Amino acid sequence: MDYDNTAAVDFFLSAVRNHRATTVQEMVNLYETEMDQRRMEAGQQEMLNQQRIGNMLQIGNLFMQRQILNQAQQINANTASTSRNVDWIARDVFGKRNGL
């Protein structure tokens, strides 16, 4: 009853036609071996897909980190510029030459 589906029957017929099996036991063993191989390949493909997704996420994270770094550099540049302007205003207003 484990093999009462069209895929199994088609496989059995093909195995007999191609002389890969001559007995029911050989057909079943060959079928089980093929199904195990397919399951292993499907599992490996799933692992590759997961790895590909992980790689894409890492690339996305690197891109976002670069954007954050650019923003931090811009903030630092703006802060330095503002600091220089405040120093200039303080010297101008208070008549000081060496900063606050």
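Colleague: Is Val24 buried or exposed?

Modeller: Buried means under 20% relative accessible area, exposed over 50%, and partly exposed in between, with a 1.4 Å probe and protein chains only. Val24 has a relative accessible area of 58%, so Val24 is exposed. This is a predicted model, in which local features need pLDDT of at least 70, side-chain atom pairs count only at pLDDT 80 or more, and totals for chains, interfaces and linings use all residues. Residues are numbered from 1 along each chain as its sequence is written, and side-chain values use heavy atoms, leaving out hydrogens and water.

Colleague: In which helix does Val24 lie?

Modeller: Helices are DSSP runs (H or I, at least four residues), numbered from the N terminus. Val24 belongs to helix H2, which covers residues 24–94 and includes Phe94. Phe94 counts as exposed because its relative accessibility is 59%.

Colleague: Which residues of H2 are buried?

Modeller: They are Met27, Val28, Leu30, Tyr31, Met35 and Ala90. Helix H1 (6–17) is included in what covers the buried residues of H2, where contact means heavy atoms within 4.5 Å.

Colleague: What comes just after H2?

Modeller: Gly95 does, with a positive phi of about 70 degrees.

Note on methods:
Helices (H or I, at least four residues) and strands (E, at least two) are DSSP runs, numbered from the N terminus.
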